[in-house]
Amino acid sequence: MEALFPLGVGHYLAGGLIIGLGVSLLFLTTGLIGGMSTVFTSTWSFVSRLPFFSQPRFVDSRAWRLVYAAGLVLGAAAWFLLAGHDDGYRVSIPWWQLAVGGFVAGFGARMSNGCTSGHGICGMGSLQLPSMLAVLTFLATAMVTARLVLMFGGR
């Protein structure tokens, strides 16, 4: 059990409840769906005049999406400070593996028209079949990728 939850179950349970409460409040009070992958695209609409980035769905939502993303970063910082961790959280994964993983995850999010937060939290919460299929695809892909990384000597 400790291998699955090295900081204790409480941290993960509290995080899930806070995320679920946050996206529920966002939807109930504004009608907005709080996925994160569109933040990147809508932010490009500030500087790019390409037709793709000028679509109303990106231009009209970019301000609240930036505030939403800033709230997530500030919330994580507040959690870090309030939890009393003074040693920080470090990973031993090389930076280039993190960069490749981030690129693949971002590319997959654009291909599936949403990310794990959009499909996994908001879509599953509203019982949308495409989101359920997307989450199953994410999980299957993650398991295959993890096995392949281990087979080729990765950590």
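At what angle do H2 and helix H4 pack, and how far apart are their axes? Let's start there, keeping in mind that this is a predicted model. Two packed helices are described by the angle between their axes and the distance between the axes. Here, H2 and helix H4, which covers residues 62-83, meet at about 130 degrees, and their axes are 9 Å apart. Angles over 145 degrees would count as roughly antiparallel, and 65 to 115 as roughly perpendicular, so H2 and H4 end up being called oblique to each other. As for handedness, H2 passes H4 in a left-handed crossing.

Who does the touching? On the H2 side, the contact is made by Thr 38, Val 39, Ser 42 and Thr 43. On the H4 side, look for Arg 62, Arg 65, Leu 66 and Ala 69.

Let's zoom in on one of these, Thr 38, which is found in helix H2. Is Thr 38 buried or exposed? Its relative accessibility is 18%, and the cut-off for buried is under 20%, so Thr 38 counts as buried. If you set aside its neighbours within four places in sequence, Thr 38 is in contact with Phe 58, Arg 65 and Arg 110.

A pair of aromatic rings is described by the distance of the centres and the angle of the planes. Counting pairs whose centres lie within 6.5 Å, the model has 6 aromatic pairs. One of them joins Phe 40 and Trp 44: their centres are 6.2 Å apart and their planes 80 degrees apart, which makes the pair edge-to-face. Why are these two about one helical turn apart? Because they sit 4 residues apart in helix H2, which runs over residues 37-44. Phe 40 is exposed, with a relative accessible area of 57%, while Trp 44 counts as partly exposed at 39%.

Now try Phe 52 and Phe 58, whose pair is tilted, with 5.3 Å from centre to centre and 50 degrees between the planes. Here Phe 52 is partly exposed, with a relative accessible area of 40%, but Phe 58 is buried at 1% relative accessibility.

Notes. Residues numbered from 1 in each chain as written. Predicted model: local features only at pLDDT ≥ 70, side-chain atom pairs only at ≥ 80, totals over all residues. Heavy atoms only, no water. Phe/Tyr/Trp six-rings, centres within 6.5 Å; stacked < 30°, edge-to-face > 60°. Buried < 20%, exposed > 50% of the residue type's maximum accessible area, 1.4 Å probe, protein only. Contact = heavy atoms within 4.5 Å. Axes fitted to C-alpha atoms, helices over the stretch in contact; angles between N-to-C directions. Parallel < 35°, antiparallel > 145°, perpendicular 65-115°, else oblique. Left-handed = near helix turned anticlockwise from the far one by under 90°.
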